[in-house]
Amino acid sequence: YDAWPVPGRAVVFGSDGADGLYGVWRSPRSNWAPVMEIVHDDVPGLAVVGDDVPRFLIGRMAALVLTFSDDGRDAAPALDALGLPAALRVPGDNRDEVAIASWANPRLPTPGANPYTAGITEAELDRLDEVFAARPPG
């Protein structure tokens, strides 16, 4: 990962276990601290995948619980703790990860953004940062 071009305001905190890194974008203007997915294939890519770290983790955990809930285990206690609405509680491969991410991260500029095919540039992040600096948190 050391050779990957990580934007200067991104603080990397983890990996997806394959070819993606996760990081927090540090804003100089606002309290906006979105979670970014950072990839490097032939061309580097960035995507905003979480409003902030807690919301990102809630959405990811809900999707993971659903992924493994089709083995007969009762996932309801974990999903209740995460607050996942009943309409999104579809187990296994039929779950709607974009809907779950949108529920957990209501401020995402592009829910389900893919850094390989529909990434965002650092300049676009700066413009989004200006928008979020002008908005109240929430």
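**Pocket lining, sheet and helix packing**

By class, the residues lining the largest pocket comprise 12 nonpolar, four polar and three charged residues. The pocket belongs to a predicted model, and its volume is about 350 Å³. The lining is made up of 19 residues, of which Val-49, Arg-60, Glu-97, Ala-101 and Gly-112 are the closest to the centre of the pocket. Strand S4 and helices H1 and H3 are the elements that contribute two or more residues each to this lining.

The strands of the model are considered next. An open sheet is formed by four strands in the order S1-S2-S3-S4, with antiparallel pairing. From one strand to the next, the twist averages 35°. In general, the strands of a sheet pair through backbone hydrogen bonds, in either a parallel or an antiparallel arrangement.

Strands S1 and S2 run antiparallel and are joined by five bridges, with Ala-10 standing opposite Trp-25 in S2. The hairpin of S1 and S2 has four residues between the strands, and within this hairpin Gly-17 adopts a positive phi near 90°. Strand S2 (residues 20-25) also pairs with strand S3 (residues 35-40), in the antiparallel sense and over five bridges, and here Gly-20 is placed opposite Val-39 in S3. Helix H1 packs on the sheet, where it touches S1, S2, S3 and S4, and the direction of H1 makes about 145° with that of S2.

Helix H1 (residues 53-67) is also in contact with helix H3 (residues 97-104), the axes of the two helices coming within 8 Å and crossing at roughly 145°. The crossing of H1 and H3 is right-handed. On the side of H1, the contact is made by Arg-55, Ile-58, Gly-59, Ala-62, Ala-63 and Leu-66, whereas H3 contributes Glu-97, Ile-100, Trp-103 and Ala-104. The residues of this contact divide into seven nonpolar, one polar and two charged.

Conventions
Residues numbered from 1 in each chain as written. Predicted model: local features only at pLDDT ≥ 70, side-chain atom pairs only at ≥ 80, totals over all residues. Heavy atoms only, no water. Axes fitted to C-alpha atoms, helices over the stretch in contact; angles between N-to-C directions. Left-handed = near helix turned anticlockwise from the far one by under 90°. Contact = heavy atoms within 4.5 Å. Nonpolar A, V, L, I, M, F, W, Y, C, P; charged D, E, K, R; others polar. Pairing = 2+ DSSP bridges. 1 Å grid on protein atoms, 1.4 Å probe; cavity = no way out; pocket = protein on both sides within 12 Å on 5 of 7 lines; lining within 4 Å. Points joined across faces, edges and corners; volume = space filled by probe spheres on them.
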